[in-house]
Amino acid sequence: MTTQPSGPIGIAGAGAWGTALANAAATAGNDVVLWMRSPEQAKALAQTRTNARFLPGVPLHGRIRVTAALGDLASSRAVLLVTPAQTTREMTAALSSVLPPGTPLVLCAKGIERKSKAFLCDVVEGVRPGSPVAVLSGPSFADDVARGLPTAVTLACGDAALAEELATALSGPTFRVYHGQDLRGVEIGGAAKNVLAIACGAVAGKGLGESAKAALIARGFAELLRFARAYGGKAETLMGLSGLGDLVLTCSSAHSRNFAFGQRLGQGMSVAEAAGGKLVEGAATASALVALARAKHVDMPIAEAVDRILSGAWTLDEAVDALMNRPIKSEH
Ligand SMILES: NC(=O)C1=CN([C@@H]2O[C@H](COP(=O)(O)OP(=O)(O)OC[C@H]3O[C@@H](n4cnc5c(N)ncnc54)[C@H](OP(=O)(O)O)[C@@H]3O)[C@@H](O)[C@H]2O)C=CC1
Ligand SMILES: O=C(CO)COP(=O)(O)O
């Protein structure tokens, strides 16, 4: 599958990550069309050239054209879908009405569809059967990417040549995109690490210490690996950027919304207070992740604990007790 190298890179969603990716793609030498749903906000962004709401202080690259008309994405060589995970189905359907069937869709959200428990690639394939789909994921705070700090991510697509072509097109001097074919592994890494980051944040917020946090990262990674293997992801993918890399980043920084949400839960806030109106993908995905794990008898006690805390079934103290008092077992 070959894309139209002359077309712009389309970006659907102008939140923090969509705006940062737009800047990265433009810096890499592409014309970029950045779509957002609000015509008023698109007008303001086009005029001020700064996304004051989601990425304050970062000027928009000159090669980015802002629009609120989805049809303006029609001539894109590829479209990066950068709206929240739970909007993937509706956004894919909307994009399908304006994009030629051969236009690759690159999923940049991290999550699992809560209602159907479907992986996002499967959602896209269901809505756009036969059209190329890719996933871009890895340790990358929008702010870091937008400010041109060195960042590495990975892009997976079943079509190896297309994966390489897209990775090359998006890579720039400070944004390095690796490529591969393990779509499932890459998307699981991004979706599951957010749930585990909530647990790490809760440990930090409750003041349980650095040792507990490190243990949680290591045992969380074991859960992630088990889950990925059960669903056809490759272990080597999970040991890379979208897996270990993103787990470490998200579990060690209050800059992460998932970690910060967990931290506030640990400090005693309610689930609604702790979210503070921000997008917390791990909270939206936890129940689906746990249901999928149970369906394949994958042991994920940390993810289970997060899900139970979020549903109100357990307090944080009960979760810690349950995790520490599981039967002693072999580490592997
Ligand atoms: N921020 C980061 O550092 C990174 C984020 N990601 C992932 O990228 C995804 C997006 O995150 P991020 O950009 O940070 O989120 P933000 O909260 O910053 O932005 C979300 C964007 O999505 C738009 N949006 C929300 N709902 C809809 C909808 N139903 N239809 C169309 N547009 C919608 C919002 O528009 P409106 O303002 O109109 O509500 C907003 O522009 C998440 O899955 C996240 O995990 C991945 C890597 C890094
Ligand atoms: O995915 C991210 C970094 O790789 C961003 O994480 P948060 O959504 O927790 O802020």
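When I say touch or contact, I mean that the C-beta atoms of two residues, placed from the backbone, lie within 7 Å. K193 sits in helix α7. Helices here are DSSP runs of H or I with at least four residues, strands are E runs of at least two, and both are numbered from the N terminus.

Is K193 buried or exposed? It's buried, because 32 other C-beta atoms lie within 10 Å. The cut-offs are these: 20 or more other C-beta atoms within 10 Å of a residue's own is buried, 12 or fewer is exposed, in between is partly exposed, and the C-beta atoms are placed from the backbone.

A quick word on what we're looking at: this is a predicted model, where local features need pLDDT of at least 70, side-chain atom pairs count only at pLDDT 80 or more, and totals for chains, interfaces and linings use all residues. Residues are numbered from 1 along each chain as its sequence is written, while chains are lettered from A and ligands numbered from 1 in the order in which they are written.

Okay, K193 also turns up in a UniProt record. The unreviewed entry has a "binding site" made of K110, G138, S140, K193, D246, S256, R257 and N258. Those positions are in the numbering used here, feature names are shortened, and annotations may be inferred rather than shown by experiment.

Take S256 from that list. You'll find S256 in the loop between α10 and α11. S256 is buried, since 24 other C-beta atoms lie within 10 Å. Setting aside neighbours within four places in sequence, S256 contacts A197 and T250.

Now to ligand 2. Which residues come nearest to it? Of the 13 around it, they are S140, D246, S256, R257 and N258; "around" means a C-beta atom, placed from the backbone, within 6 Å. Helices α7 (183-205), α10 (241-251) and α11 (257-266) each give at least two residues to this shell, and α10 has the largest share, with three. Domain 1 (9-181) and domain 2 (189-324) each contribute at least three residues, with bounds from an automatic or database domain assignment. By type, the shell has four nonpolar, five polar and four charged residues.

The unreviewed entry has another "binding site" listing, including G13, A14, G15 and A16. A14 is in the loop between β1 (9-12) and α1, and G15 is in the loop between β1 and α1 too. A14 is buried, because it has 29 C-beta neighbours inside 10 Å, whereas G15 has 17 and so counts as partly exposed. Again skipping close sequence neighbours, A14 touches T19, L34, M36, L45 and N51, and G15 touches F54 and V82.

That brings us to α1 itself. How many of its residues are buried? Twelve of twelve. For its length, the twelve residues (16-27) should span 16 Å at 1.5 Å a residue, and the end C-alpha atoms are 17 Å apart, which agrees. The expected span is 1.5 Å times one less than the number of residues. After α1 comes G29, with a positive phi near 105°.

Notes: Ala, Val, Leu, Ile, Met, Phe, Trp, Tyr, Cys and Pro count as nonpolar, Asp, Glu, Lys and Arg as charged, and the others, Gly among them, as polar.
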